[in-house]
Amino acid sequence: MTETIATKTRPARPLRQLLAASVGNAVEWYDWYAYTFLATYIADQVFPKSADNSLVPLLSTFAVFAVGFFMRPVGGLLMGAIADRRGRRAALTVTILLMGGSSLLVGLTPTYAAAGVLAPVVLVVARLLQGLSVGGEFAASTTFLVESAGPGRRGLFSSFQYVSTTAGQLVASGVATVLVNTLSDERMNGWGWRVPFVLGAVLSLVGFWIRQGARETRSEEQRQGPRPGLFEALRRHPRESLLICGITAGGTIAYYTWTSYLPTYAELNAGIDKSDALLAGTISLAFFALLQPLGGLLSDRFGRRPLLLFFGLGFALLSVPLLHALRDSFAVLLLVQCAGMILLTGFTSISAAVNAEIFPPRVRAAGIGFPYSLTVALFGGTAPYVGTLFKDLGHSGLFPWYVAVLCLLSSAVYLCLPETAHRELRR
C-alpha cells in the first residue's frame, strides 16, 4: 500500500503526461472518426436500400452517427464522476478499453443482406458504446492535460487535446484513403470497410499500455476529501455549465463540418470525386494539427478571449462564402478546408484550457464532461445529418447559414467571458 501511495504522489513529468494523454486520445478518436470517413460504404452494407430515394441509407448512417453523440453526455457525466472520485487515470483506462471493444463490434457488424434488421441494431449498440467512451475521454483527458501543465503553459498543453484528436482523425482518413485507392469497389463493400475498425481495436490495447505509465493529477486534498455527488457540478455550478454550452455550440458545429462532414458535403453539393475529397481532407487535417500548438502558445501570451473571437466572428462572416465557393475542383476544396482550419484553431487549440479554468477541481471532470458533450451531441453530432437533410429537401444552401448563426451566438458568449489565461489554476 505504501508503494502505491508513493507512486501516486510522485511529481508528474510533463512530457510523459503529455504522451500518455495524447497517444490514448489519438487512438480513441481514430476509432470514432473511422465511421465518418467510411459512412457511404456502411450505408450500402448495413441499411436497406430505398427505391425512391438513394440518400435514405446515407441519412440512416448519419442518424446512427448522431445517436452515438447522444451517449456522450452520459459518458461525460459517468466517466467524469469516475475521474473526480477515483482519479483521472482510472477514467482514462476505462474509456480506452471501452472504445476498443466497441470499435471491434463495428468491424464485425453483419450486413443487412445477411442478418436483416439485426445489422443496424448491432451498429447502433456499437455507436452507443463509442459515444459513452468518447464523452468520458474528453472529460478526463481535458482535466488531465491542463492539470499536468506547468505555469504559463496551460494553453500549450490544452492544444494537444486537438493535436492528438486530429492525429487520430488523420490516421483514420489516411487509412480510408489508402483502402479506397487500392481496393476495388467490390472489395471495399465486401470487407475493406471493416479493416479500420479491427485495426482500431488493436490500437486501443496499445493506448491502454501507454496510459499505465501516467501519473495521477488529482491532488492529495481531493483524494482525502469526501467524494462529489454525481450531479454536484450541475447543482452547484449552473452558470458555469451554461457557459460551457455557449462556448461550445459554435465551435462544435464548425469543427464537425470542417473536419468530418466536408468531404461528404463536397461530394453531394459540388460533385467532387470521393477519393479526391478524402485526400483533401487528409492534407488539411495535417495542416490543422500543426496549427494547434501555435494557437495554444498565443493564448498563453495574449489570452484566451482574442483567439475565441477570432474563431467565432471569422466563421460567422466566412462560413457562407467559403462553403458556397466549393465546386468540382480539388484545389478549391483544399483551399476552403485550410482556410476554415486556420479560423477553427482559435477555438480548438484552447477549448480544453478554457473549460478547465471555469470549474473548481472537485467537480472539474464531470463539470466539463456533461454540458460539453450535450452541446456537441445537439450541434456537432447532428451536423452531417442536418447538412444531408438540407440537400435531400432541396435547400442545401441553408446549411452554411446554420453554421454561421451558431458561431455568431457563441461569439456573444466569448465577449462576456472573463480572461482566465493568467490566473492560477485552482487545485
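# A first look at this predicted model

Tyrosine 162 is buried, with a relative accessible area of 4%; buried means under 20% relative accessible area, exposed over 50% and partly exposed in between, using a 1.4 Å probe and protein chains only. Welcome to the structure around this residue. This is a predicted model, where local features need pLDDT of at least 70 and side-chain atom pairs count only at pLDDT 80 or more, while totals for chains, interfaces and linings use all residues. Residues are numbered from 1 along each chain as its sequence is written, and side-chain values use heavy atoms, with hydrogens and water left out.

**Confidence**

- The protein averages a pLDDT of 85, and 91% of the residues score at least 70; pLDDT is the predictor's confidence in each residue, from 0 to 100.
- Helices (H or I, at least four residues) are DSSP runs, numbered from the N terminus.
- Over residues 1-11, pLDDT stays under 50, and the model has six contacts for them beyond four places in sequence; contact means heavy atoms within 4.5 Å.

**Aromatic pairs**

- The structure holds 13 aromatic pairs. Rings of Phe, Tyr and Trp (its six-membered ring) pair if their centres lie within 6.5 Å; planes under 30 degrees apart count as stacked, over 60 as edge-to-face and the rest as tilted.
- Tyrosine 162 and tyrosine 255 form an edge-to-face pair, because their ring centres are 5.2 Å apart and their planes stand at 75 degrees. This pair links distant parts of the chain, with tyrosine 162 in helix H9 and tyrosine 255 in helix H14, 93 residues apart.
- Tyrosine 255 is buried too, with a relative accessible area of 2%.
- Tyrosine 261 and phenylalanine 399 also make an edge-to-face pair, at 5.7 Å centre to centre and 80 degrees between the planes. Here helix H14 holds tyrosine 261 and helix H21 (residues 398-416) holds phenylalanine 399, 138 residues apart.
- Tyrosine 261 is buried at a relative accessible area of 1%, and phenylalanine 399 is buried at 0%.
- One aromatic cluster is formed by Trp258, Phe311, Phe315, Phe347 and Tyr414.

**Nonpolar cores**

- The largest nonpolar core has 89 residues, of which Tyr256 and Leu344 touch the most other members. Such a core is a set of buried Ala, Val, Leu, Ile, Met, Phe, Trp, Tyr and Cys residues joined through side-chain atoms within 4.5 Å.
- Beyond its neighbours within four places in sequence, leucine 344 is in contact with residues including Gly251, Tyr255, Trp258, Phe288 and Phe315.
- Another core, of 13 residues, lies apart from the largest one, and has Ala83, Ala140, Phe157 and Ala214 among its members.

- Helix H18 (residues 351-358) is mostly covered, with eight of its eight residues buried.
- The cover over the buried residues of H18 includes H8, H9, H14, H16, helix H17 (330-348) and helix H19 (364-380).
- In H11, the buried residues are Pro196, Phe197, Gly200, Ala201, Ser204, Gly207 and Arg211. They pack against helix H2 (14-37), helix H3 (39-46), helix H6 (88-107), helix H8 (118-148) and helix H9 (154-182).

How values were computed
Helices (H or I, at least four residues) and strands (E, at least two) are DSSP runs, numbered from the N terminus.
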